[in-house]
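Q: Could you walk me through the contacts in this model? I'd like to start at the chain interface and then look inside the individual chains.

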Amino acid sequence: MTVRQWPELAGADVEERCDVVVIGSGCGGASAAARLAEAGLDVVIVEQGGYYTKNDFDQREVNMLARIDGGRGLHASEDASVNLTYGNNVGGASVHYWADSYRLPRDRLQQWHSLGMEGHDSELLARHFTEIEQDLNVHPATDAYVNRMNQLLHDGAERLGWHVARVPQARKACVASGHCMQGCAYDAKQSQLVTYVPRALAAGARLYADCRAEQLAFDGRRAKRLGCSILDRPTGRSSGRRLDIDAKAVVVAAGGFATPEFLLRQRLPERLPALGQGFFCNPCPLVHAIFPDDVIQWRNIPAAWGVEEFRLGRYDGPERVFGHAEHGRYREGGYLLMANQLQPATLAAILPGVGPAHSALMRQMPRLGGTIAWIDDIEPGTIRLESGRRRVSVPLSGGNAERIRDAWRKQARLLFEVGASELLFGDAEDTRITRAADIDRAVGAIVLRPARNVLAAPHPGGGARMGLRSADAVVNAEHRVFGADNVYVADPSVFPSPPSVDPSLTIMAFSFVAADIVRAAHFGT
Amino acid sequence: MAYRALVQLSRRSALGLGAVGTVALVAAGSLRWFTHGYPPGAQVLLALGDKEQAIVTSLVDALIDGGEGLPTADDAGVVQRIDEQLWGADVHTQSDLRAALQVVEHAPILFGAPGRFTSLSRRRRVEVLRAMLASKRDVFVQVATALKQLTMLCYYSAEASWGAIGYDGPWIKEEKLPPSTLRYRSLLAAKQRGEA
């Protein structure tokens with residue numbers, strides 16, 4: 001196995017040559033790299049973040065934010081509408097994710113085809129899903145992994161007549177510590193770090209951690225060389241050393257934020273007006289709930305039960321499609337509801353109040369529970385460069401606002417249904433209610449504007465979408481960047497709209513598709 | 001520094017301050033900057049300058065309650081933890097955080113509290129922060145929220161705070177410091193010894 005990383009790597013410039021260079025080692029990159037390497041190709045993986053294993057994971061929030069989270073968890077969209085959540089380590093965001101592992105719903109695949117995506121038919125994806133589920137031990141969460149908050153979510157949904165189902169989990173012998181977001185110290189969560197990264201390495205792939213992919217050199221329509229900066233891991237800044245890689249094909253899999261950014265920094269052979277457009281991120285409105293007795297939401301797995309009743313938006317008339325204006329009148333839905341899980345420092349950061357008011361809430365932490373909604377974005381955002389800085393924009397208006405407010409209302413109904421004594425919406429005005437009768441009034445009065453609400457952005461994508469033409473898409477059905485002969489994208493950036501469920505399994509399945517195409521197109525195997 | 005940071009933040013976010021507010025803020029910042037020095041910080045730090053250390057110290061004192069089993073901000077080492085976060089952040093985040101500190105220092109006049117933030121009583125500082133968090137102008141909410149979140153993250157990541165909130169702590173008992181913390185502490189120790 002070849003893993004090169006800081007500090008050894010910062011000693012000299014490095015030259016590499018390979019069949020395929022894969023930029024990124026998360027769900028998209030690692031699965032593509034493993035598939036390519038196991039097919040006999042010479043693969044190099046370039047990862048900006050560090051290579052950490054379970055022996056480095058200490059379950060302390062700030063320590064782990066520094067190791068595995070992009071921007072140490074401090075990044076936000078340009079107007080602070082949402083906090084940006086992404087990985088910066090070997091294994092990518094899968095190292096801090098919740099291990100929720102859904103197949104792409106058939107209705108969403110149909111929508112993607114209607115939006116101009118070709119190929120990726122349901123039978124092909126089903127075969128890939130089956131293989132990935134076996135590789136990652138995906139299975140419905142069992143009773144042993146249902147903490148009190150998840151049980152409350154389940155019970156509330158049942159009483160309200162909402163469809164609730166066990167969340168498929170990618171785990172083996174989970175010890176239920178509750179530290180999924182700090183990286184699994186037990187290798188129980190089947191992240192890329194313990195699945196497709198080692199598979200790729202075992203098949204001969206070479207991994208370069210602490211290397212930031214920066215510049216593609218083109219010869220006409222062909223990318224010939226990738227230039228990278230070797231980073232000084234403690235600071236994340238360039239060490240002054242270079243890694244240059246000559247490759248026959250390039251797979252960009254840097255994730256929903258970084259892939260559009262990387263491509264925007266290139267002099268691509270063809271102008272691509274859709275690059276950085278059509279962005280989505282599943283903004284997550286949450287509701288805190290104080291219960292009469294202990295909930296201990298920070299232990300066991302985060303999401304054992306999920307409310308699927310409202311996954312699709314409901315309209316009087318035609319359903320609204322991401323980025324399209326024509327639709328009937330919105331009624332409800334367009335999100336998944338889950339129990340929330342937060343360790344104390346993150347919880348403290350987002351609870352309302354200052355001074356004694358804030359510490360009084362923190363002292364109730366054992367009784368503090370809550371829920372979170374993964375909003376299926378309907379209004380597109382953007383990623384662009386401004387004076388060299390990545391700027392992410394996420395609209396909190398229009399259809400996104402409708403869905404966020406409805407998700408607040410539904411969460412509040414459920415939480416009161418199971419006995420919450422007080423709900424907090426975490427907004428700048430510190431909206432709190434103690435009666436279900438006040439839900440509509442309170443939610444209607446919440447000011448939904450930048451920086452005033454707690455919204456994370458955990459599932460970015462769409463910034464290099466797949467389609468038929470370069471006028472409105474970035475890659476074709478073969479994942480190939482329009483205008484380039486040998487540059488491919490294999491991550492959620494290619495999704496034409498949000499997948500309506502956790503995207504990890506879909507990302508991997510699409511990467512399998514992309515890897516097979518790269519192999520056939522350039523290596524005849 | 002203060003002037004530039006304020007102007008940059010003003011331009012970047014269009015502020016929502018309105019012309020009067022912007023002028024008042026910038027004027028306050030520049031005049032204060034040129035007429036009032038800040039004493040050397042109480043702690044030797046890497047990223048926060050003397051003025052920034054004074055602002056962060058005042059900010060943390062207002063945000064953190066302590067008592068009844070909770071440690072003081074000093075005992076939890078919050079100012080140094082914030083210094084480490086700033087030191088380890090990328091240049092854009094560093095720039096934003098530094099600008100946010102300048103806004104906090106010179107914004108009280110816009111919330112009915114004449115004087116720099118660092119010169120106010122604790123009660124007035126708490127009032128100003130509450131007013132900023134609930135302001136109709138997004139930029140103040142943005143600034144106050146970012147600094148509050150950073151402060152709370154640093155305070156409640158300190159083990160000393162866990163007992164009082166009923167948190168039983170990580171199952172991995174041995175803390176394993178990340179490379180950035182090891183480098184930070186090494187450089188800080190060298191600076192404290194007068195070597196840098």
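**Contacts between and within the chains**

A: In this predicted model, the side chains of R452(A) and D138(B) meet in a salt bridge, with an N to O distance of 2.9 Å.

Q: How many salt bridges are there across the interface of chain B and chain A?

A: Five salt bridges are found across the interface of chain B and chain A, together with 30 residue pairs in polar contact, both residues of each pair being at pLDDT 80 or more.

Q: Which helix of chain B gives the most to the side that touches chain A?

A: Helix 7 of chain B does, with ten residues, while helices 3, 4, 5, 6 and 8 of chain B are also among those that each supply at least two residues of that side. By class, the side of chain B that touches chain A has 24 nonpolar, 15 polar and 17 charged residues.

Q: And what area is buried between chain B and chain A?

A: About 4,800 Å² is buried between them, with carbon and sulfur atoms giving 53% of that area, and the contact brings 56 residues of chain B against 60 residues of chain A. L153(B), W171(B) and K176(B) supply 13% of the area that chain B buries against chain A, which is more than any other three residues.

Q: Switching to chain B on its own, how many helices and strands are there?

A: Chain B has eight helices and zero strands. Of its 196 residues, 53% count as buried, and among contacts in chain B between residues at least 6 apart in sequence, 70% join residues at least 24 apart.

Q: What about chain A, which domains does the assignment give?

A: The domain assignment gives domain 1 of chain A as 2–72 + 86–137 + 181–278 + 461–523, and domain 2 of chain A as 141–171 + 284–376 + 397–452. Their C-alpha centres lie 31 Å apart, and the contact takes 26 residues from domain 1 and 25 residues from domain 2.

Q: How much do those two domains of chain A bury between them?

A: Domain 1 and domain 2 of chain A bury about 2,100 Å² between them, 56% of it on carbon and sulfur atoms. E61(A), W98(A) and Y102(A) supply 34% of the area that domain 1 buries against domain 2, more than any other three residues.

Q: Which polar links are counted there?

A: Two salt bridges are counted between domain 1 and domain 2 of chain A, along with twelve residue pairs in polar contact. Elsewhere in the list of salt bridges, the side chains of D107(A) and R311(A) meet at 2.6 Å, N to O.

How values were computed. Residues are numbered from 1 along each chain as its sequence is written. Chains are lettered from A and ligands numbered from 1 in the order in which they are written. Side-chain values use heavy atoms; hydrogens and water are left out. Domain bounds come from an automatic or database domain assignment. Contact means heavy atoms within 4.5 Å. Buried area is the accessible area (1.4 Å probe) that two parts lose on being put together, summed over both. A salt bridge is a side-chain nitrogen of Lys or Arg within 4 Å of a carboxyl oxygen of Asp or Glu. A polar contact is a pair of N or O atoms within 3.5 Å; within protein, one must be able to donate a hydrogen and the other to accept it, and residues adjacent in sequence count only if both atoms are side-chain atoms. Helices (H or I, at least four residues) and strands (E, at least two) are DSSP runs, numbered from the N terminus. Buried means under 20% relative accessible area, exposed over 50%, partly exposed in between (1.4 Å probe, protein chains only). Ala, Val, Leu, Ile, Met, Phe, Trp, Tyr, Cys and Pro count as nonpolar, Asp, Glu, Lys and Arg as charged, and the others, Gly among them, as polar.
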